[in-house]
Amino acid sequence: MACLSAIIKWVLPILVALYGVYYWQFIASRRYFTSDVVLDGKTVIVTGANSGIGRVTALDLAKRGARVILACRNLQKAEDVAKDIKSSTGNSEVVVRHLDLSSLQSVREFAQQIIETEDRLDILINNAGVAAAAMKAGAVTKDNFDFVFGTNHFGHFLLTNLLLDLLKKSALKRVVTVSSLAHERAPQPNMTREDPSVANFLYPHLENYPLSKLANVLFARELARREKASGLISTSLHPGAIFTPIWKTIVDHRSPIRGVMYYMFSPLMWMLFIDETAGAQTTLHCALDESVAEFSGKYFDNCAEYEPSTFAQDDELAKELWTVSCEATGLKC
Ligand SMILES: NC(=O)c1ccc[n+]([C@@H]2O[C@H](COP(=O)([O-])OP(=O)(O)OC[C@H]3O[C@@H](n4cnc5c(N)ncnc54)[C@H](OP(=O)(O)O)[C@@H]3O)[C@@H](O)[C@H]2O)c1
């Protein structure tokens, strides 16, 4: 009894005070993209728009009047989201197209369909992503790349390059690539070509998620450098730690009782992470804010430019990665 009253008297207030500081520092301090910019007549693609921050990003863009293409691998989930977005925004220009970023053939088919059916593309949001923990060790894509790196980087690399001409013809010309703070944990990428198998020579270890996110930052940087003359704006970003389904795969994977751990940790994640709306704000800022035009190639966090890791600022590494990615995806560049 004495123990219980001590907890109520001392431990609980301390925990509440600590949480208050945490909340103030990491959650309440999140910035929101409040501009009322309108996107009537503009077309946007969001990859992985059926879930998490991709869904909220698509919803916001649809509210602004854009034609929004949800590029997703799960058509049923995507159709449900499209229906919700249409009914809540009144925007009927929300369409679903199939895209599986873990297959170069699917990326090519998707891009071909877009080029044949769309007369413009103003903004491409490379949002989709998979977490390493969700994959079995050694999992590979249909093209025999490490699954996480192949999906998160090679898929978006090929997609962006195939859509580049259409993007450059448009008014806004923006490519936004959703990376992660996890890129800072990436070890030095091994770009040697000792092993000609692309599946192995970049990332033969478990650090594939941080490496894929480092590749996202380097890709955005090199794209900006290459496209400076065309006026295309390319940025990358960390969206924050957000309570989205991606954590289900991570938490469950580490658990001996799959399916249960996620629900046990959910209240904690709900308290400590930001929500999906807050998590979509830096993407919207990079896609729509006028000031970002001066920061092409840069990395953002919390709606502001942010310094990425040392590797992520290495222009030679960015160029090497570009060459390796062209070889891997069969692009002539
Ligand atoms: N949540 C965080 O704390 C956090 C932190 C840093 C960075 N990020 C990044 O934010 C982005 C969005 O993640 P999220 O948190 O919103 O997670 P999410 O809810 O799991 O969304 C990920 C999306 O990517 C899609 N996707 C996965 N593999 C795909 C493939 N092969 N082809 C096409 N689409 C595919 C998923 O489709 P399915 O629904 O079919 O699986 C889903 O729509 C990711 O790039 C992630 O790395 C998230």
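Guide: Gladly. Helices (H or I, at least four residues) and strands (E, at least two) are DSSP runs, numbered from the N terminus. By that reading, the loop between β7 and β8 holds both N302 and C303. Keep in mind that this is a predicted model, where local features need pLDDT of at least 70, side-chain atom pairs count only at pLDDT 80 or more, and totals for chains, interfaces and linings use all residues. Residues are numbered from 1 along each chain as its sequence is written.

Visitor: What stands out in the phi angles of N302 and C303?

Guide: Most residues other than glycine have a negative phi. Here N302 has a positive value, near 50 degrees, and C303 also has a positive phi, of about 60 degrees.

Visitor: Is C303 buried or exposed?

Guide: A residue is buried if 20 or more other C-beta atoms lie within 10 Å of its own, exposed if 12 or fewer, and partly exposed in between, with C-beta atoms placed from the backbone. C303 counts as buried because it has 20 C-beta neighbours inside 10 Å. N302 has 18 such neighbours, so it counts as partly exposed. Across the protein, buried residues make up 43% of the 333 residues.

Visitor: How many helices and strands does the protein have?

Guide: The protein has twelve helices and eight strands. Its radius of gyration (taken over C-alpha atoms) is compared with a globule rule of 2.2 Å times the number of residues to the power 0.38. The radius is 20 Å, close to the 20 Å that the rule gives for 333 residues, so the protein is as compact as a globular protein of that length. Along its principal axes, the C-alpha trace spans about 75 × 50 × 40 Å.

Visitor: In what order do the strands lie in the sheet?

Guide: Two strands pair if DSSP finds at least two bridges between them. The eight strands form an open sheet in the order β3-β2-β1-β4-β5-β6-β7-β8, with mixed pairing. β3 (94-98) and β8 (304-305) stand at the edges with a single partner strand each, so one side of each has no neighbour in the sheet.

Visitor: Which strands does helix α2 lie across?

Guide: Axes are lines fitted to C-alpha atoms, for helices over the stretch in contact, and angles run from 0 to 180 degrees between N-to-C directions. Contact means that two C-beta atoms, placed from the backbone, lie within 7 Å. Helix α2 (residues 52-63) lies across β1, β2, β3 and β4 (123-126), at about 170 degrees to β1. Helix α7 (residues 208-226) lies across β5 (174-178), β6 (233-238) and β7 (299-301), at about 160 degrees to β6.

Visitor: Which residues does H153 touch?

Guide: Leaving out residues up to four places away in sequence, H153 touches S212, A215, N216 and F219. H153 sits in helix α5 (residues 147-169), and it counts as buried because it has 32 C-beta neighbours inside 10 Å.

Visitor: How many residues surround the ligand?

Guide: A residue is near a molecule if its C-beta atom, placed from the backbone, lies within 6 Å of it. 29 residues surround the ligand, and the closest are G48, G52, A128, G129 and I246. Helix α2 gives the largest share of this shell, three residues.
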